[in-house]
Amino acid sequence: MNNLKGKRVVVTGACGTIGKELVEQLLANHEVEELIGLDNNESELFHLDQKHLGDNASFFLADIRDRYKLTRKMKHMQVVFHTAAFKHVILCERSPFEAAQTNITGVQNVITAAMDNNAERVIFTSSDKAVNPTNVMGTSKLMGERLIAAANSSLRGKGPVLSSTRFGNVLGSSGSVIPIFKKQISQGGPVTLTDPEMTRFIMSISEAVKLVIESADLACGGEVFITKMPIIRIQELAEVMIEDLAGQYGYSPEKIQIEVIGAKPGEKMYEELMNIEETRRAIELDRYFAVPPAFRSLYQNINYEYSDIISTEVTNPYNSSNEKPLNKEEIRAFLIKNKLLVD
């Protein structure tokens, strides 16, 4: 079902990894009537604008901290995908107030602008780091989810359906481990690992965005959609990349060492996408878990029904330590399928 056909759509953070792919897929596959992309990265926004000359898309310099600018740009728009955020853990830790202004106040500004313009849907892209957060970035993302759920529960009468979608590492994205490992291999190593036993959820950029768009169709309001994802051990990812890429850079795989440097402050050994408290109200779908809000709507009775329910009883927290990881051949197949071993 293409519920976005003929819709006027806003993408915040349009120059980011997820935002840029959202723009591509919405224009190519969903027949949107109009697309507005917002970002505060002038150079990247210019290149994005040039790429889509002739498309029914417009791109504007805007900061999500500026509620008035958001309100003006969202006039007559119907669907909002909010991807703009500060996402680097260390930088958010060093500048927590800046992270709060963008990742918390920015979310509230998007909500307010969408409500003021009678938008139909708002989808907020969250992170696995919002689950039992151990750092500023994760805490700010959790607050973003809670603001979305609270706004949806406080609606009186007509207003947008507001929901969040939460996923783990998008391999190949800016700042992900793939480009870091590639650079280290191209220089002859060493490839640096935090811990050999560390596990992570993974997803390709294309697949992540497809599921974000799909969640806009599924959303009832206030829930968090948690994407089911494959799992890898970081050491095995490093080994596969060394085996497959070392020769391309003129090195023997056996000569490139793996160096264990220890986990960074606030870094978890495994990723969590759903905690034990959330399992009590979670609904398992074919490609997601849907977690309705703990505090239900104050003014309307929302029926959380979906077409592909597998179970209404979820007992296990969804984290990368209690799910089976991919083996090396499966990791290799994933990397090749998603063209992550090529520049």
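Residues are numbered from 1 along each chain as its sequence is written, and side-chain values rest on heavy atoms, with hydrogens and water left out. Since the model is predicted, local features need pLDDT of at least 70 and side-chain atom pairs count only at pLDDT 80 or more, while totals for chains, interfaces and linings use all residues.

Helices and strands are DSSP runs numbered from the N terminus (helices H or I with at least four residues, strands E with at least two). Two packed helices are described by the angle between their axes and the distance between the axes. Here the axes are lines fitted to C-alpha atoms, for helices over the stretch in contact, and angles run from 0 to 180 degrees between N-to-C directions.

Take H5 (residues 96-116) and H6 to begin with: their axes sit 9 Å apart at an angle of about 15 degrees. That makes H5 roughly parallel to H6 (angles under 35 degrees count as roughly parallel, over 145 as roughly antiparallel, 65 to 115 as roughly perpendicular and the rest as oblique). The H5 and H6 crossing is right-handed, a label for a near helix turned clockwise from the far one by less than a right angle, with anticlockwise giving left-handed. On the H5 side, the contacting residues (heavy atoms within 4.5 Å) include Pro96, Ala99, Ile104, Val107 and Met115, and their partners in H6 include Val136, Met143, Leu147 and Ala151. By class, this contact has 12 nonpolar, 4 polar and no charged residues (Ala, Val, Leu, Ile, Met, Phe, Trp, Tyr, Cys and Pro count as nonpolar, Asp, Glu, Lys and Arg as charged, and the others, Gly among them, as polar).

H1 (residues 17-29) and H8 (residues 205-218) also have axes 9 Å apart, but at an angle of about 70 degrees. H1 and H8 are therefore roughly perpendicular to each other, and H1 passes H8 in a right-handed crossing. From H1 come Thr17, Ile18, Glu21, Leu22, Gln25 and Leu26, which meet H8 residues including Ile205, Val209, Lys210 and Ile213. This contact divides into 8 nonpolar, 3 polar and 2 charged residues.

With H9 (residues 234-245) and H11 (residues 328-337), the angle is about 65 degrees and the axes lie 10 Å apart. Their crossing is right-handed. H11 brings Lys328, Ile331, Arg332 and Leu335 against H9 residues, among them Glu236, Glu239, Val240 and Asp244. The class count is 5 nonpolar, no polar and 6 charged residues.

H6 turns up again at the second largest pocket, where 6 residues from H6 make the largest share of the lining. The volume of this pocket is about 260 Å³, and 17 residues line the pocket, with Arg146, Ala149, Arg281, Pro293 and Ala294 nearest its centre. The elements giving two or more residues to that lining are H6 (136-153) and H10 (276-279). By class, the lining has 9 nonpolar, 2 polar and 6 charged residues.

Pro190 falls in the loop between H7 (177-186) and S8 (191-193). Glu31, a residue other than glycine, has a positive phi near 50 degrees and sits in the loop between H1 and S2 (34-39). Lys339 is not a glycine either, yet has a positive phi of about 55 degrees; Lys339 is in the segment after H11.

Terms used
On a 1 Å grid over the protein atoms alone, a cavity is a set of points where a 1.4 Å probe fits but cannot get out, and a pocket is an open set with protein on both sides within 12 Å along at least five of seven lines; lining residues have an atom within 4 Å of a point. Grid points are joined across faces, edges and corners, and a volume is the space filled by probe spheres set on the points.
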